[in-house]
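Please read the points below alongside the sequence and the coordinates.

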Amino acid sequence: MHWNYPILDVHEATLQAERAEKQGHWHIVIQQSLYCLERAQQAEDQQAIRFFAMKVSAAYLAVEMTEKAVFYKQLALLS
């Protein structure tokens, strides 16, 4: 496992997603969580992939995009 991107970028994206979630800005939650998920996949960090895939799934559920939510939940369960 090797993070090629500064971990602080991922941390900041996580914080932005958390703030957006509190405000109900789901498009930002999805955007920032997907960014983190992509970085976790590049780093081949299975624990982070599971975590961020579940975050993306929950956000898609919140906006009633069930098919996408199921896809990311399955990704989390397979990682």
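This is a predicted model: local features need pLDDT of at least 70, side-chain atom pairs count only at pLDDT 80 or more; totals for chains, interfaces and linings use all residues.

1. Residues are numbered from 1 along each chain as its sequence is written, and side-chain values use heavy atoms, with hydrogens and water left out.

2. Helix α1 (residues 7-23) and helix α2 (residues 26-43) pack with their axes 8 Å apart and at an angle of about 155 degrees; helices here are DSSP runs (H or I, at least four residues), numbered from the N terminus. The axes are lines fitted to C-alpha atoms over the stretch in contact, and the angles, taken between N-to-C directions, run from 0 to 180 degrees. That angle makes α1 roughly antiparallel to α2, a term used for angles over 145 degrees. The crossing of α1 over α2 is left-handed, in the sense that the near helix is turned anticlockwise from the far one by less than a right angle.

3. On the α1 side, the contact (heavy atoms within 4.5 Å) is made by D9, V10, A13, T14, Q16, A17, A20 and E21, and on the α2 side by W26, I28, V29, Q32, S33, Y35, C36 and R39. By class, the residues of this contact are nine nonpolar, four polar and three charged, where Ala, Val, Leu, Ile, Met, Phe, Trp, Tyr, Cys and Pro count as nonpolar, Asp, Glu, Lys and Arg as charged, and the others, Gly among them, as polar.

4. The structure holds two salt bridges, each defined as a side-chain nitrogen of Lys or Arg within 4 Å of a carboxyl oxygen of Asp or Glu. In one, R19 pairs with E12, the closest N and O atoms being 3.4 Å apart; R19 is partly exposed at 45% relative accessibility, and E12 is partly exposed at 35% (partly exposed lies between buried, under 20% relative accessible area, and exposed, over 50%, with a 1.4 Å probe and protein chains only).

5. The side chains of R39 and E38 also form a salt bridge, at 3.9 Å from N to O. Here R39 is buried, with a relative accessible area of 12%, whereas E38 is partly exposed at 41%.

6. How is S57 placed, buried or exposed? S57, found in helix α3 (residues 46-62), counts as buried at 4% relative accessibility. Leaving aside residues up to four places away in sequence, S57 touches A69, Y72 and K73. S57 and A76 are 19 residues apart in sequence, and their C-alpha atoms are 8.9 Å apart in space.

Note on methods:
Helices (H or I, at least four residues) and strands (E, at least two) are DSSP runs, numbered from the N terminus. Angles under 35 degrees count as roughly parallel, over 145 as roughly antiparallel, 65 to 115 as roughly perpendicular and the rest as oblique.
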